[in-house]
Amino acid sequence: MTKEERVCQFYKLSIRKNGNIFPCCLAIGSSYIGNLFEEDIIKKIATKNVECECTLYKNRPIKENEKPNVQRIHIEFSNECQAKCICCNQQKEKMENEDIHLQKLDELIKNYKPKYITVIGGEVLIQKKSLDWIEKIKNKYPDISFDIVTNLCVGENTIKRAIKIFDDITVSILGFSQNTYNRIMGLDFDKTIKNVEYILANSNVKIRPKYLLMPTNMYEIGSFLKWALKLNTQKIYLHNIREFRQCCNLEDAYWNNTFNQIETELKEILIQNKDLIISKNRHFISIHDILAEKTNMNTFIQEQGFENIIKITS
Ligand SMILES: C[S@@+](CC[C@H](N)C(=O)[O-])C[C@H]1O[C@@H](n2cnc3c(N)ncnc32)[C@H](O)[C@@H]1O
Ligand code: SF4
Ligand code: SF4
């Protein structure tokens, strides 16, 4: 496949919690542009040539008179979080110089007026200053569409605020019973499920439930999928922890047997909901590579005619 050659930072910027700026979330070292705290950062974004290549794009040098048209900004806030997910490698670090950092972000938003802003933490919904900042920007630029990746295990007032700010909410769910969810995340399962259902019933916010498969929650992914298919969701993610191969010998018979059981269950649910899934007629379900491989989803997707609807991603 021929890759599109482009100046990646003219389309999107990804800003890390330490202020480092990259053209995309992969944040490959060679694509580093500069830091939010540098006086001439806007000029640097407009003029710096970075060398980078990935499966989709090849970064090319900037042409004369070519200007940035940044439509998307991805912002990582503090890593503070109320959960304690066993798989999360974040250390709950706070943002250094938070107040000045947020002021610098103001300047960037004012300069580019992007169409889309994605926010991620830590858990942004429990971070007072981050949420106040996002709310302020949304009030000032109502046309900006905000999306968030969150555990959504927060109180009613925060949910009511979130409905007014966000157009799209991805909800990370790491178990589908009170016991498993609480053991893995340290949070209240019923509260999160209630919040998802409340948002869907009381707003137009798009919801994307995201299951993160790991050894300790394997047998609950079927219940998650059944629940998610009953809701009117934008998308469903069936993801797996990136360390699956490190923590398990996936070639061992134990794991083959376990994945065979999951395979049977997931396929049954997908076949039972075939009409609904086909009616979506767009990319509706994403399955991570390890889960897809171990449950033989590739051939199943083709056999069932799900090619454009269920996609395998990494
Ligand atoms: C670090 S969290 C931050 C946002 C928010 N706190 C949440 O959990 O949705 C971002 C995403 O990373 C996922 N995640 C956490 N640990 C992971 C791991 N070991 N492998 C893959 N994804 C992981 C979470 O499930 C979540 O969807
Ligand atoms: S070439 Fe790919 S990885 Fe590199 S900056 Fe562009 S989108 Fe990101
Ligand atoms: S909710 Fe998100 S940030 Fe918090 S511990 Fe879990 S994965 Fe990490």
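Where is the place of I278? In this predicted model, which requires pLDDT of at least 70 for local features and pLDDT 80 or more for side-chain atom pairs, while totals for chains, interfaces and linings use all residues, I278 lies in helix α10 (residues 274-280). Residues are numbered from 1 along each chain as its sequence is written, and chains are lettered from A and ligands numbered from 1 in the order in which they are written. Helices (H or I, at least four residues) and strands (E, at least two) are DSSP runs numbered from the N terminus.

Leaving aside residues up to four places away in sequence, I278 touches G305 and I309, where contact means C-beta atoms within 7 Å. N59 is 219 residues from I278 along the chain, and their C-alpha atoms are separated by 36 Å.

Helix α7 (residues 221-230) packs with helix α9 (residues 253-272) at an angle of about 10°, the axes being 9 Å apart. The axes are lines fitted to C-alpha atoms over the stretch in contact, and angles run from 0 to 180 degrees between N-to-C directions. The two helices, α7 and α9, are therefore roughly parallel, the class for angles under 35 degrees. The contact involves I221, G222, L225 and K226 of α7, together with I262, E265, L266 and I269 of α9.

Note on methods
Contact = placed C-beta atoms within 7 Å. Parallel < 35°, antiparallel > 145°, perpendicular 65-115°, else oblique.
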